Amino acid sequence: MGNQFKNVAVIACLKTFLFVFNIVFWITGLLLLAVGLWAEFDLYKYMELSSEFSGTAPHVMIGIASLIVLISSIAFSCIIKGQPVLLYIYGGLLACIFMMDAGVGASVACYRDTFAKGLYDGLTQTLISQNPQKNNFDLAQSTLHCCGVSNYTDWVKLSPQRVIPISCCLDPNHCITANYSDVYQRGCYEIIVEYLESNMDVLIGIAIGTALLPLIGAILSCSLASYVKKSKYDVMN
């Protein structure tokens with residue numbers, strides 16, 4: 001009888017912890033979904049300037065976030081019912097999400113190391129091409145307040161020489177691009193690298209954080225399932 005009361009107390013405690021965890025996990029899924037959409041529609045514009053660009057990372061992040069929201073929503077019912085089979089399945093799904101999140105975090109970290117060189121090559125090729133608007137270069141110059149790859153002189157050094165585009169102007173409505181004081185002085189390569197590296201730190205941090213959460217949840221879920229089975233076995237005996 002004493003063991004049974006002890007098991008009931010432990011089960012109640014684990015259920016509470018797992019329920020609170022699931023709320024946090026569900027909210028994390030929504031935040032991760034928001035970050036994935038932000039990466040897809042904002043960071044994407046600058047990431048694709050790199051010759052090493054791969055558009056799969058935001059899609060994977062959005063997919064994992066959607067999976068987290070879906071599973072954690074269903075899991076509330078599993079926790080309340082307290083059925084060992086459902087709890088073990090939930091723990092297994094959390095373990096799978098843990099491995100996927102860890103893989104995404106590692107991929108983002110590796111991509112950051114190769115991104116800088118690919119960006120320089122991509123910007124240079126875009127500058128040389130006949131269409132300066134290609135791959136959002138023109139957009140990057142106007143929104144990030146930069147000009148050229150290293151600086152505005154990259155446009156002047158081209159052969160044949162090009163006119164510095166309006167997107168380089170400090171004030172597009174009152175700008176003479178031949179007057180170099182009217183254009184942005186810093187190059188886009190330096191600014192984009194700084195912008196993306198600071199935001200990639202956020203992405204890596206979120207990926208690591210969301211990778212640790214499922215591991216904790218899997219332990220809680222499997223522990224709860226084990227105690228529920230043990231409690232039923234004690235009742236039968």
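Is Thr 28 buried or exposed? I would like to start from that one residue, and then widen the view to the rest of the chain.

Before the answer, a word on what we are looking at: this is a predicted model, in which local features need pLDDT of at least 70 and side-chain atom pairs count only at pLDDT 80 or more, whereas totals for chains, interfaces and linings use all residues. Residues are numbered from 1 along each chain as its sequence is written, and side-chain values use heavy atoms, with hydrogens and water left out.

Now to the answer: Thr 28 is buried, because its relative accessible area is 14%, and buried here means under 20% relative accessible area, with exposed meaning over 50% and partly exposed in between, using a 1.4 Å probe and protein chains only. Thr 28 belongs to helix α1, which covers residues 2–47; helices are DSSP runs of H or I with at least four residues, strands are runs of E with at least two, and both are numbered from the N terminus. A polar atom of the Thr 28 side chain lies 2.7 Å from the backbone oxygen of Val 24. If we leave aside the neighbours within four places in sequence, Thr 28 is in contact with Thr 210 and Leu 213, where contact means heavy atoms within 4.5 Å.

Staying in helix α1, we can look at Phe 21 and Phe 25, which lie 4 residues apart there, about one turn of the helix. Phe 21 and Phe 25 are both buried. A search of the whole structure finds 2 aromatic pairs, and Phe 21 with Phe 25 forms a stacked one, at 5.3 Å centre to centre and 15 degrees between the planes.

Let me step back to the whole chain. The protein chain has 6 helices and 0 strands, and buried residues make up 42% of its 237 residues. Among contacts between residues at least 6 apart in sequence, 77% join residues at least 24 apart. The chain exposes about 12,300 Å², of which carbon and sulfur atoms supply 67%, these areas coming from the Shrake-Rupley method with a 1.4 Å probe and, for residues, with only the protein chains shown counting as cover.

What, then, of the interior? The largest nonpolar core has 25 residues, and those with the most contacts inside it are Leu 144, Cys 147, Trp 155, Ile 164 and Ile 192. Helices α1, α3 (84–128), α4 (137–143) and α6 (188–236) each supply at least two residues of this core, and the largest share, 5 residues, comes from α6. A second, separate core of 24 residues includes Leu 14, Ala 218, Ala 225 and Val 228.

Which residues does Ala 225 touch, not counting residues up to four places away in sequence? They are Pro 84, Leu 87 and Tyr 88. Ala 225 lies in helix α6 and counts as buried because its relative accessible area is 0%. Between Ala 225 and Pro 84 there are 141 residues in sequence, yet the two are 4.3 Å apart in space, C-alpha to C-alpha.

Helix α3 holds Asp 101, which is buried, with a relative accessible area of 3%. Asp 101 and Leu 212 are 111 residues apart in sequence and 8.7 Å apart in space, C-alpha to C-alpha.

Two loop residues complete the tour. His 145, in the loop between α4 and α5 (153–156), has a phi near 60 degrees, a positive value in a residue other than glycine, and at 45% relative accessibility it counts as partly exposed. Ile 176, in the loop between α5 and α6, counts as exposed, at 56% relative accessibility.

Finally, a note on confidence. The mean pLDDT of the chain is 78, and 78% of its residues reach 70 or more, pLDDT being the predictor's confidence in each residue, from 0 to 100. Among the elements, α3 has the lowest mean pLDDT (76) and helix α2 (residues 56–81) the highest (84). Where pLDDT is low, the predicted coordinates should not be read in detail.

Terms used
A polar contact is a pair of N or O atoms within 3.5 Å; within protein, one must be able to donate a hydrogen and the other to accept it, and residues adjacent in sequence count only if both atoms are side-chain atoms. A nonpolar core is a set of buried Ala, Val, Leu, Ile, Met, Phe, Trp, Tyr and Cys residues joined through side-chain atoms within 4.5 Å. Rings of Phe, Tyr and Trp (its six-membered ring) pair if their centres lie within 6.5 Å; planes under 30 degrees apart count as stacked, over 60 as edge-to-face and the rest as tilted.
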